[in-house]
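User: I would like to learn how to read helix packing and ligand contacts in a model. Please take me through this one.

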Amino acid sequence: MAYETILYETRGKVALITLNRPKAMNALNAQLIAEVTDALTHVEQDPKLGASVITGSDKAFAAGADIKEMASLDFVQAYVGDFISPWDRVGQMRKPVIAAVAGYALGGGCELAMMCDFIIAAESAKFGQPEITLGVMPGAGGTQRLTRFVGKSKAMEMVLTGRLMKADEAERSGLVSRVVPSDELIGEALAAAEKIADFSQPIVMMAKESVNRSYETTLAEGVRFERRLFHAMFGTEDQKEGMDAFVDKRTPQFKNR
Ligand code: CAA
C-alpha cells in the first residue's frame, strides 16, 4: 500500500495511522479520507490485527475538511457528489479505532475523532466546530455526535459560536476518555489498542457493537440486544478459556478469533 497523505504502520496486533498533510494542518481532503478508510479496511480484513490508532501531528490532529477543496462547489456538486459520505466508513468499522488527538481537532477533524470508538487527548488538544465562521455548519456528524457526547447546551454553544474546547474541558464534558501529557499520547493510545487486541477478537467486536447500539435504540431494545450477544458468547472457546483461567488462577490465552 503506497499512501501519500497518511503514514501506515503496524506494531504487533495494532495499526497506527498518522494523518500526514503537515503543510495543510492535516486538512481532510478526499484523498486522505480514501487512504484512511483503505487502511482501516485492510485492518478489518487482516485477522492478525485487532485495533487501530488514528493520530495527527503535535500541532494538529486535523483542522477540518479541506476548505480549499470544497470552497467552489455549488449545491448540485455537493449534493450529487456527496463528498462527505465516504467518511462514514470510519464509524462503520467493526474492530476498535482509537483517536489520539494533539493540537487542533476542528470541524471535520473533531468529527473524525468522534467517529472513532474513543478519544485520548494530549494536554495540547483543542476541539471545535468552527464551521459557522465559514458560512456553513458541521457536515460530517458534528451536530449529532457532539450533542450526544457533551449534551445540548455545550454542543449548541460550540456549533453556534465556533468556540474551541481545551483538553481539560473536553474530559470534564465526556468528549474524551482521558487526557495525558503530550509526550505520552501515542504510547498511551498504542497501549490501550494493544490491550484490546490481546483480548478475544469476536468478543471485543460484539462489545463494541453493543455499546454503539445504545445510540440507535431504546433502552429496552438495547438491553435485549446486549443479552442476546452475551448469551451467544457462551458458544465461543474464548469464554471457556477466560472463565477457566480465572478459576485456575492463571492468565487466559485467548485464541483471538
Ligand atoms: N482546509 C484547508 N487548508 C487548511 C485548513 C483547512 N481546514 N486549515 C488550515 N489550512 C491550511 C492554511 O490554509 C495554511 O495554508 P497556507 O500556508 O497555504 O496558507 C496552513 O494550513 C496553515 O494554517 P494557518 O496558517 O491558518 O495556521 P495557524 O496556526 O495560524 O492556524 C488553525 C491554525 C486555527 C487551525 C487555522 O488554520 C484554521 O482556523 N483552520 C480552519 C479551521 C476550520 O474552519 N475548520 C472547519 C473546516 S469546514 C469542515 O470541516 C466541514 C465539515 O464539517 C465536514
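Predicted model: local features only at pLDDT ≥ 70, side-chain atom pairs only at ≥ 80, totals over all residues.

User: How is a pair of packed helices described?

Analyst: Two packed helices are described by the angle between their axes and the distance between those axes. Take helix 5 (residues 108-115) and helix 6 (residues 142-150): their axes come within 10 Å and cross at roughly 60°.

User: What does that make the relation of helix 5 to helix 6, and which hand does the crossing have?

Analyst: Helix 5 and helix 6 are therefore oblique to each other. Their crossing is left-handed.

User: Which residues of helix 5 and helix 6 meet?

Analyst: On the helix 5 side they are Glu111, Met114 and Met115, and these meet Gly142, Arg145, Leu146 and Phe149 of helix 6. By class, the residues of this contact are 4 nonpolar, 1 polar and 2 charged.

User: Helix 6 also packs on helix 7. How should I read that pair?

Analyst: The axes of helix 6 and helix 7 (residues 152-161) come within 7 Å, and they cross at roughly 140°. An angle over 145 degrees would count as roughly antiparallel, so helix 6 is oblique to helix 7. The crossing of helix 6 with helix 7 is right-handed. Helix 6 contributes Thr143, Leu146, Thr147 and Val150 to the contact, while helix 7 contributes Lys152, Lys154, Ala155, Met158 and Val159. These residues divide into 5 nonpolar, 2 polar and 2 charged.

User: Is the pair of helix 10 and helix 11 roughly parallel or roughly antiparallel?

Analyst: Start from the axes of helix 10 (residues 201-213) and helix 11 (residues 219-232), which come within 9 Å and cross at roughly 170°. That makes the two helices roughly antiparallel. Met206, Glu209, Ser210 and Arg213 of helix 10 make the contact with Phe225, Glu226 and Leu229 of helix 11. The contact holds 3 nonpolar, 1 polar and 3 charged residues.

User: Now the ligand. How many residues surround the ligand, and which are closest?

Analyst: The ligand is surrounded by 24 residues, and the closest are Ala65, Ile67, Gly108, Glu111 and Glu131.

User: Which atoms of the ligand lie 2.9 Å, 3.0 Å and 2.8 Å from protein atoms?

Analyst: A nitrogen atom of the ligand is 2.9 Å from a backbone N or O atom of Ala63. An oxygen atom of the ligand lies 3.0 Å from a polar side-chain atom of Lys68. For Glu131, an N or O atom in the side chain is 2.8 Å from an oxygen atom of the ligand.

Notes. Residues numbered from 1 in each chain as written. Heavy atoms only, no water. Axes fitted to C-alpha atoms, helices over the stretch in contact; angles between N-to-C directions. Helix = DSSP H or I, 4+ residues; strand = E, 2+ residues; numbered from the N terminus. Parallel < 35°, antiparallel > 145°, perpendicular 65-115°, else oblique. Left-handed = near helix turned anticlockwise from the far one by under 90°. Contact = heavy atoms within 4.5 Å. Nonpolar A, V, L, I, M, F, W, Y, C, P; charged D, E, K, R; others polar. Near = heavy atom within 4 Å. Polar contact = N/O pair within 3.5 Å; in protein donor to acceptor, adjacent residues only side chain to side chain.
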